[in-house]
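Dear colleague,

Below I am handing over the structure that we spoke about. Please look through it first, and then read the notes that follow, which set out what was found in it.

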Amino acid sequence: MRLFYSILYRDLLLAIRRRRELANPLVFFVIVVSLFPLGVSPDKELLSQMAPGVIWVTALLATLMSMDAMFRSDYDDGSLEQLLLLPGPKVLLIGAKITAHWISIGLPLVILAPIMSLLLYFPTHAIGSLVITLLISTPILSLLGAVGVALTLSLRSGGILSSLLILPFYIPVLIFSTMAINASANQLPVSGYYALLGAFFIISALLIPFAVVAALKVSYN
Amino acid sequence: MMQFIHKYGSPRYYYQWSRGWQKWLAIITVALLAIGLYQSFFVAPPDYQQGETVRIMYIHVPAAWMSMFVYMVMAFSGIVALVWRIKVAEIVIGECAVLGASFTAMALITGMLWGKPMWGTYWVWDARLTSELVLLFLYFGVIALHGAFDDPRTGAKAAAILAIVGIINIPIIKYSVEWWNTLHQGPSVTKLDKPSMHISMLIPLLIMAIAFKTFFLSLLFMRSRAELLSREKNASWVKEIVKEMS
């Protein structure tokens, strides 16, 4: 566990030292969400109906944009290779890196999303469910994205390819989350969706670090 | 098990035994397709509601079945490639991805053509259509990843990991899409009690399904043998074969 905490501390420290890089996906999120009223229509009804989908799809894209940061700089300067040579379970190491990524990208998104939802006239009583779905699901996005980044690490144009690989895997998260938000906007019970998302999170958290380790091994070959 | 895999997976031996299989599978495919197509166009009755348009089913349904089947073959050979590092299995992954994507595209296109007269539209965002489309995206991902590496062996291993992650995810995607929206008719053949399809339509369908399977296998053998030769072009056994032929 000490390995886990020291890697987590290192990655978070690095993220804070590179604040500007960290802010880019979040600014992207804000700009893209505010493009929709301009592109579709400023109609109140329409926007409040579209809001969950718009916020969720934009959050997916913002997460994907930030994904490269998880391993790329460590891969380029060789420190990832040194980290993988450390004694101790590699799964913990990967878990720490994914957790750090979530804290530096997923968590700010969870905080930003309610503010942006107000711009889209999203009903205030459903904002709670928006926050809860984002809170459960953004870790899943970080986990699944890690597989894509790890697989394409040794490629020159890995970024766009890893998005292609991972986006189909994001579909269940997108569906369950937006269904939960819509249900809550219509005052319907939502706990079932939360349970499904939670199950999906637990399965991903248990299995995906192993896939990431295998993918990194292939990348280092 | 180990011995079996290593023996049949050694490039040289694979090249030899697959030659005979490929030939016979190709012959069986032509025969089955001839019977199946004749039956589905001239013998099977038109549907009481859909009329003659139902005949596209004999292409559509087998192609849709193949789209899943090929993914299973691909993921299985991915496991074999990762665990036992068999070269032939690595080649099979890439070839399966291309063939599987073709079958999936075929199922989607025939489905669209069938949907226009029946549902009045080429496309609906229905659960089964959507999950088939997602499956096509997954195949595209495997193809893109497989071809992205300079070293084909690394590409095959990366594609294998992606295929295996996909096999866990496919049921989740399928069910999530199913709860999201459903318009497509339920499965008519795989019901446990009694198929809700008349026997005169079921027989041509099953013949076509088997024909598609043998068609896939013979193509898989053909493509993987060609790929094997080009990858192993510096090996001595390939040079012997070339010498024999010239």
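Chain A has a radius of gyration of 18 Å, which agrees with the value near 17 Å that a compact globule of 221 residues would have; the radius is taken over C-alpha atoms, and the globule rule is 2.2 Å times the number of residues to the power 0.38. Please bear in mind that this is a predicted model, in which local features need pLDDT of at least 70 and side-chain atom pairs count only at pLDDT 80 or more, whereas totals for chains, interfaces and linings use all residues. Residues are numbered from 1 along each chain as its sequence is written, and chains are lettered from A and ligands numbered from 1 in the order in which they are written.

Taken along the principal axes, the C-alpha atoms of chain A fill a box of roughly 55 × 35 × 30 Å. The secondary structure of chain A comes to ten helices and zero strands, where helices (H or I, at least four residues) and strands (E, at least two) are DSSP runs numbered from the N terminus. Of the 221 residues in chain A, 47% are buried; a residue is called buried if 20 or more other C-beta atoms lie within 10 Å of its own, exposed if 12 or fewer, and partly exposed in between, with C-beta atoms placed from the backbone.

Turning to the interface, 20 residues of chain A are in contact with 21 residues of chain B, a contact being two C-beta atoms, placed from the backbone, within 7 Å. On the side of chain A that touches chain B, helix 7 (127-151), helix 8 (158-166), helix 9 (171-185) and helix 10 (191-220) each supply at least two residues, and the largest share, six residues, comes from helix 10. That side divides into 19 nonpolar residues, one polar and no charged, if Ala, Val, Leu, Ile, Met, Phe, Trp, Tyr, Cys and Pro count as nonpolar, Asp, Glu, Lys and Arg as charged, and the others, Gly among them, as polar.

The largest nonpolar core has 130 residues, and those with the most contacts inside it include Val147(A), Ala150(A), Ala215(A) and Ile161(B); such a core is a set of buried Ala, Val, Leu, Ile, Met, Phe, Trp, Tyr and Cys residues joined through C-beta atoms within 7 Å. Helix 3 (residues 57-84) of chain B gives the most to this core, with 14 residues. Leaving aside neighbours within four places in sequence, Ala215(A) is in contact with Val147(A), Ala150(A) and Leu151(A), as well as with Ala158(B) and Ile161(B).

Helix 7 of chain A is largely enclosed by the rest of the structure, because 19 of its 25 residues are buried. Helix 7 of chain A bends by about 30° at Ser137(A), with a proline, Pro139(A), following within four residues; the bend is the angle between axes fitted to the seven residues ending at a residue and the seven starting there.

Two loop residues deserve a look. Gln187(A), between helix 9 and helix 10 of chain A, has a positive phi of about 60° although it is not a glycine, and it counts as exposed, with 10 C-beta neighbours inside 10 Å. Arg85(B), in the loop between helix 3 and helix 4 (87-119) of chain B, has a phi near 55°, again positive in a residue other than glycine, and is exposed, with 12 other C-beta atoms within 10 Å.

With best regards
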